[in-house]
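Biologist: Please take one part of this model and look at it closely. Then place that part in the whole chain.

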Amino acid sequence: MTEETAGEETFISHLVELRDRLIKATYGIVLACIALLVWPGPARIYDFLAAPMLAALPAGSKMIATGVVSPFLVPMKVTLLIAFILALPWVFYQVWAFVAPGLYAHEKRLVLPLVISSSFLFIAGVAFCYFFVFGRIFHFIGNFSPNSIAVMPDIENYLDFVMSMCLAFGATFEVPVVVVILVRMGIVSVEKLRSIRPYAIVGAFVIAAVVTPPDAVSQLALAVPMCLLFELGLIMAPIFVRVTQAPEEHA
């Protein structure tokens, strides 16, 4: 067997392994979705998601659905989104299982903690957005709205807004993981990151200003955690580097 043939077979085997891992990850999301469809159901899930908006509206107010199939499709989309979030640990595990065979033993000690921490931080970001940020944003919008305007949010527009905000907070809560990976791969040192701390703080506020609505509360709610998580990454990075060093690196 020639080296070229062996290389092709290795490449094909990697593609097959990737396909299997993607299928298994999809199975996890589907099972989570089925469980949510059984209980509590798409309608209750959407009602739960809409609670912060309804709490900011006048008593008895409801959202509107302008599309014919929107009352069905929107709750289903919400259910699928929640299923994906719940299945994140399983999805990240499949990613880890795919790359693990090509890693050294000391590198494997890094990947699994990152998988767990990535899942936890993303879910924490989404939860922080829902329980802390949404209520303040919607109350700000409701108080700012003139009395001559009847605020009746469309359920599809509301879903788009909620999804974009949750994904933004979930992604920004991954800052410690990004810092650890950059330091462990040798792309940048902890000392260098500490030296650019003022720029990182400014960048956090710029990102918060772009991602969140134009009110100070929601911008601070995103920028301040980003700064704190950046500091957490600076603390954790040396620990991860020390734990995952190869034996020859200790010499």
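Modeller: Start with Asp-20. Its relative accessible area is 26%, so Asp-20 is partly exposed. That class lies between buried (under 20% relative accessible area) and exposed (over 50%), with a 1.4 Å probe and protein chains only. A caution first: this is a predicted model, where local features need pLDDT of at least 70 and side-chain atom pairs count only at pLDDT 80 or more, while totals for chains, interfaces and linings use all residues. Residues are numbered from 1 along each chain as its sequence is written, and side-chain values use heavy atoms, with hydrogens and water left out.

What does Asp-20 form with Arg-19? A salt bridge, with the closest N and O atoms 3.1 Å apart. The term requires a side-chain nitrogen of Lys or Arg within 4 Å of a carboxyl oxygen of Asp or Glu. Arg-19 counts as partly exposed because its relative accessibility is 47%.

By this rule there are three salt bridges. Another joins the side chains of Arg-21 and Glu-17, at 2.8 Å from N to O. Both residues lie in helix 1, four residues apart, or about one turn of the helix. Helices (H or I, at least four residues) and strands (E, at least two) are DSSP runs, numbered from the N terminus. An α-helix has 3.6 residues a turn, so residues three or four places apart point the same way. The two partners fall in separate burial classes: Arg-21 is buried at 17% relative accessible area, whereas Glu-17 is partly exposed at 28%.

Gln-94 touches Arg-21, Lys-24 and Ala-25, leaving aside residues up to four places away in sequence. Touching here is contact, meaning heavy atoms within 4.5 Å. Gln-94 sits in helix 4, residues 88-99. Is Gln-94 buried or exposed? Gln-94 counts as buried because its relative accessibility is 2%.

Helix 1 runs over residues 3-38 and holds Leu-18. At 34% relative accessibility, Leu-18 counts as partly exposed. Leu-18 belongs to a nonpolar surface patch with Phe-11, Ile-12, Leu-15, Val-16 and Leu-22. Together these residues have about 550 Å² of accessible area. Patch members need over 30% relative accessible area and no salt bridge; like charges are joined within 9 Å, nonpolar side chains (Val, Leu, Ile, Met, Phe, Trp, Tyr) within 5 Å. Areas come from the Shrake-Rupley method with a 1.4 Å probe; for residues, only the protein chains shown count as cover.

Val-30 is in helix 1 too. Its relative accessible area is 38%, so Val-30 is partly exposed.

Now the remaining bridge. Arg-197 pairs with Glu-231, the closest N and O atoms being 2.5 Å apart. Arg-197 lies in helix 9 (residues 197-211) and Glu-231 in helix 10, so the pair ties together parts that are 34 residues apart in sequence. Arg-197 counts as partly exposed at 27% relative accessibility. Glu-231 also counts as partly exposed, at 27%.

Helix 10, residues 216-243, packs against helix 7, residues 175-184. The angle is about 35 degrees, and the axes are 7 Å apart. Axes are lines fitted to C-alpha atoms, for helices over the stretch in contact, and angles run from 0 to 180 degrees between N-to-C directions. Helix 7 contributes Val-175, Pro-176, Val-179, Val-180, Val-183 and Arg-184 to the contact. Helix 10 contributes residues including Met-226, Phe-230, Gly-233, Ala-237 and Val-241. Helix 7 is mostly covered, with seven of its 10 residues buried. Among them are Val-177, Val-180 and Arg-184. Just after helix 7, Gly-186 takes a positive phi of about 80 degrees.

Last, the whole chain. The protein chain has 11 helices and zero strands. Its C-alpha trace spans about 75 × 45 × 30 Å along the principal axes. Of its 251 residues, 38% count as buried. Among contacts with a separation of 6 or more, 82% link residues 24 or more positions apart. The chain exposes about 14800 Å², and carbon and sulfur atoms supply 72% of that area.
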